[in-house]
Amino acid sequence: MVRLMPPTEGSSVHAVWPGDSYPLGATYDGAGTNFSVFSEVAERVELCLIGKDGREQRIELEEVDGFVWHCYLPTVTPGQRYGFRVHGPWDPGAGHRCDASKLLLDPYGKSFHGDFAFSQALYSYDLQAEDPAGGGVPPRVDSLGHTMTSVVINPFFQWGSDRPPRTPYHETVIYEAHVKGMTQTHPGVPQELRGTYAGLAHPVIIDHLKSLNVTAIELMPVHQFMHDHRLLDLGLRNYWGYNTFGFFAPHNQYAANRNAGGAVAEFKTMVRAFHEAGIEVILDVVYNHTAEGNHLGPTINFRGIDNGAYYRLLDGDLRLYKDFTGTGNSLNARHPHTLQLIMDSLRYWVIDMHVDGFRFDLASTLAREFYDVDRLSAFFDIIQQDPVISQVKLIAEPWDIGEGGYQVGNFPGLWTEWNGKYRDTVRDYWRGEPATLGEFASRLTGSSDLYEATGRRPSASINFVTCHDGFTLNDLVSYNEKHNEANGEDNRDGESHNRSWNCGVEGPTDDPEIRTLRGKQMRNILATLMLSQGTPMIAHGDEMGRTQQGNNNVYCQDSELSWMDWSLCDTNADLVEFTRRVIKFRKDHPVFRRRRFFEGKPLRTGDQVRDIAWLNPSGQEMTQQDWGSGFECISVFLNGEAIPAPDERGERVTDDSFLLCFNAHDEPLDFVVPDGDYAKEWTGAIDTAEPQGVSTLEVVAGQTISLEAHSLLVLRKTA
């Protein structure tokens, strides 16, 4: 049956066809658009088409299959704005929060228009109520005109010969970046493109990344997100973007072209440009919670569509939300339709948007079945068997704030993980804390204690020392305490235990000795990161000494405080050049990016030298007693002739052999070069005591050398 509907201004809709329940969302096929939305709790659902005059045309969705409400409109084309109104029970005590006065955004919306005007209209409870969690009748104030609207997009795009780089993990170097922060002040990016996807794809940005030899850019959240009302009242913004409500849409404020659907084409163009440069695009995704928050949050989509299906509600009081994330709610990944939404979103970004992988924020939350994190959860099972998602890079932030949420090393074999233990150990070692040498050795060699038991390889460890959350590299060596006063929370927010060391003075200083020491410490950390087995990740701007003035939680600082200062490329040119050299050094030498863990034994029978050996300052192999001695000077021999895994063509991989000498002490220390069983002659390859890391040192077996305080020396075997 065909129903005829009167058109709104600017709309040519006259016929309503039944349509299909799949795919969910708004899908334009070249002639018209299919609309579908899931709600098990709904009694009626209306599709609302928004005309150019801002008024709506409501269309009753009469077709329902498996709780999916749908229709097809043969004349609706890209650019049409729309939303849904869900009529159903308002019973917070039973977990139901349907409110037809709210124009609800499409959970599968691929583009959004406008902005939120925070007022009573966005909330389904009286803002003046004494008990906002109660079950009283909601105010029923219409949100049309106060909320964003969903937009039908044109899905067709000329990808040309685009192909994913598919860089193996052991060859990957990740660069974590923020779309706006990376481009907002770059003098080579045209003003109108700064802070956008188009700006990020500009040749000057791509050339910088290529010059660093990074292979993947990991973008902080680009799914459509909301700026918190509280932050806006303080004159701040949700800069980081961990406040998603649109899991299929690129954030429209990052688009230079903000016409309807313009962000989608611009994002695709950006991905295509990165792929042409051989750089993968990884997205930081936030499926653990949404922007609607707890019971005090606005009603913009999920809450009003099917509250109990999309959210984890508190046992014993269904008015409230379980919160494993510290943001007010937790997405209910146990529900089949919510799990489907996550998987459909992931596949969309791979198949339609051509991204190369994902970093899952607070991934432990997604793996919680009832309370505990479960390696056999439905989330892991469905990822494992999916033919699309299982083949891209999957990176877990393996913790949340709930009980038992710290799960470093416990994710299944398909996953890699942000290795928080690596971060903590490397920070402690270089600031001179009495961390055990065994812990440092394990982290440097790929953390087999964490990953080998699950059949994973060293690349499962995403090694990092800094990231968006916390101090920058420069601030890590310049501040003992956080300085977050600008965030408006009396410096209470952010991590207080940073494992940082200011080198003697808090904050900026003109003292040349301290500035020299800080430079060495930054080079020590960068070199350690690139010489460690595993997959290294650096934070944007660390290569040039970016500072946030001691603020370790710039989530709300959309300003010069958080943006890249590109003038530092000149000011700290030596650090930039050092970063380039040490990443290329890793790229050139497979012994630092082995595909398998060290075994501590020779590659072949009869060999005298094993694949790895740890040496004390006397040049002798470490004894059990040495490991507990608290040495701050230690070295490790890496045998380039003992790499067991072949290359992609099955050929044997060989490399030079190296001696890595570490001195975290505040005084120079003597070190005896080991005897001729390892090598007769060595030449310097990297020396962090030098501004660009260049070393011309030549030594022979048995020679005593002095390692400068707070430095790392790399020697290459020459004979």
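The dialogue below takes up strands, a helix and then the backbone.

Modeller: This is a predicted model, in which local features need pLDDT of at least 70, side-chain atom pairs count only at pLDDT 80 or more, and totals for chains, interfaces and linings use all residues. Residues are numbered from 1 along each chain as its sequence is written, and side-chain values use heavy atoms, with hydrogens and water left out.

Biologist: How many residues of strand β18 are buried?

Modeller: Buried means under 20% relative accessible area, exposed over 50%, and partly exposed in between, with a 1.4 Å probe and protein chains only. Helices (H or I, at least four residues) and strands (E, at least two) are DSSP runs, numbered from the N terminus. In β18, residues 280–285, six of six residues are buried, and the strand is mostly covered. E280, I282 and D284 point one way, V281, L283 and V285 point the other way, and all are buried.

Biologist: Which strands pair with β18?

Modeller: Two strands pair if DSSP finds at least two bridges between them. Strand β15 (residues 216–219) pairs with β18 in the parallel sense over four bridges; A216 has E280 as its bridge partner there. Strand β21 (residues 357–360) also runs parallel to β18, joined by four bridges, and the bridge partner of I282 in β21 is G357.

Biologist: Why is helix α6 described as largely enclosed by the rest of the structure?

Modeller: Helix α6 spans residues 302–310, and eight of its nine residues are buried, so the rest of the structure largely encloses it. The buried residues are F302, R303, G304, I305, D306, N307, A309 and Y310.

Biologist: What should I look for in the backbone angles?

Modeller: Most residues other than glycine have a negative phi, and most peptide bonds are trans. Here, the bond joining Y22 and P23 is cis, with omega about 0°. P23 is located in the loop between β2 (15–16) and β3 (25–28).

Biologist: Is N213 buried or exposed?

Modeller: N213 is buried, with a relative accessible area of 17%. Phi of N213 is also positive, near 70°, in a residue other than glycine. The loop between α3 (203–212) and β15 contains N213.
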